[in-house]
Amino acid sequence: MAKGALYSKHTHISSRHKLTDLKLDEVWQYRELIGLFTGRSFKVAYKQTILGPMWLFINPLMTSAMHLLVFGNIAKLGTDGIPQLLFYLSGNAIWGFFAACLNGNASTFTGNAGLFGKVYFPRLTIPISNVLSSAIRFLIQMILVAGLLIFYYVTGTMMPHLLRLLLVPVILAWLGIMAMGCGIILSSLTVKYRDLSVLVGFGMSLWMYGTPVVYPLSTLSGTLRSIITLNPVTMPVELFRWAVLGTGSLSAVSAACSLVFTAAVFFAGVILFNRVERNFMDVV
C-alpha cells in the first residue's frame, strides 16, 4: 500500500451480542455524546420555565420546609441532634439524587424511541447520562447544605468532619449504579407493560418513607428497625448522613447486603436491557 494511504475504521452493528456485554469500549468512544445527553436533560427540564435552574434550589427548600413543619414540628420526630432544616435538606438532596436517577432511567426506551429508531449509538449512554445529570443537580443542591454547614460551624453548633466528605463520591456511585439498575429494569419491562410506568411515581413515594430520609434510623427499634435496615437504600443514606453531618447508624452487614443488591440489580438490568434492545422497536 502506498505511503500516506488513508485507513478507515469500520464498525459492525449487529443485534447479536452477549447479554452480559456492557459495551464499555463503545460507551467510551461515545463519551462526547454522553456529555451532550447530559446537557440536553438540563435544557429539557427547565425549558419554557420562568425561574429556570432556580428550581434546583426552590424545590428542595420548599420540600424541606414542609418536612420541617410536618415531621419536625407536628410529629416531633428527632434528628439526632442535627439542626432540623439541615437534616431535611441533606436527606432530600441524597434521596432526590437516587429518585432522579431511577425515574429518569425508567423511561429510557419509551422516552427515546424516536431517537433509537433513527441512529445507532450504545444505548447505555442514555442511562449513564441520566446518572451524571442527576449528580450535577445533587451537587448544585448541596450548595444549600454547605451554606448551612458553614453557618452552624461559625456559630459553634456543628463541627464538620472534612475527611469523611471523601466518601460522598463513593456513595453517589453506589446509589447511582443501584438506581440505574432498577431504572433500566423498569424501562425494559414498560416497553411491553406500559401500566408499570404509572406505578413508578407511587412506588418511589412509598420507598422514600421506607428509607430514613425524614427521620434517622436511630429513632426506630425492634422489628420496624430491622425491616427498614433491609432496605438497600437505607445504609447509603445513613452513611451519607454520617459523612456530611457526623451522625448515622451504620451496619457492616446491612451495607454488604446493599452492595450485593446493587451488583445483582445492575447486572440483571444490563442483561434485560440488552435483550429488550434487540427488538424493542417492534413493540414500542
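I started with E238, which counts as buried at 0% relative accessibility. Buried here means under 20% relative accessible area, exposed means over 50%, and partly exposed lies in between, with a 1.4 Å probe and protein chains only.

I noted the ground rules next. The model is predicted, so I kept in mind that local features need pLDDT of at least 70 and side-chain atom pairs count only at pLDDT 80 or more, while totals for chains, interfaces and linings use all residues. Residues are numbered from 1 along each chain as its sequence is written, and side-chain values use heavy atoms, with hydrogens and water left out.

**Around E238**

I placed E238 in helix α11. Helices are DSSP runs (H or I, at least four residues), numbered from the N terminus. I then asked which residues E238 is in contact with, leaving aside neighbours within four places in sequence. They are P212, P216, L217, T247, G248, S249 and L250. Contact means heavy atoms within 4.5 Å. I also found the backbone nitrogen of L217 at 3.5 Å from a polar atom of the E238 side chain.

**The salt bridge**

I looked for salt bridges (a side-chain nitrogen of Lys or Arg within 4 Å of a carboxyl oxygen of Asp or Glu). The count comes to one. It joins the side chains of R241 and E238, at 3.0 Å from N to O. Side chains of opposite charge can pair when their charged atoms come close. R241 and E238 are three residues apart in helix α11, so about one helical turn separates them. R241 is also buried, at 3% relative accessibility.

**The core**

Of its 67 residues, L86, F98 and F138 touch the most other members. Elements giving two or more residues to this core include α2 (31-46), α4 (84-105) and α7 (125-154). The largest share, twelve residues, comes from α4. I checked F98 too: not counting residues up to four places away in sequence, F98 touches L175, M178, A179, M204, W207 and V233. In soluble globular proteins, nonpolar side chains tend to be buried together.

**A patch on the surface**

Last, I asked which residues form a nonpolar patch on the surface. M66, L69, V70 and I74 do, with about 370 Å² of accessible area together. Patch residues have over 30% relative accessible area and no salt bridge; nonpolar side chains (Val, Leu, Ile, Met, Phe, Trp, Tyr) are joined within 5 Å, like charges within 9 Å. Areas come from the Shrake-Rupley method with a 1.4 Å probe, and only the protein chains shown count as cover. M66 lies in helix α3 (residues 55-74). M66 is partly exposed, with a relative accessible area of 48%.

Terms used
A nonpolar core is a set of buried Ala, Val, Leu, Ile, Met, Phe, Trp, Tyr and Cys residues joined through side-chain atoms within 4.5 Å. A polar contact is a pair of N or O atoms within 3.5 Å; within protein, one must be able to donate a hydrogen and the other to accept it, and residues adjacent in sequence count only if both atoms are side-chain atoms.
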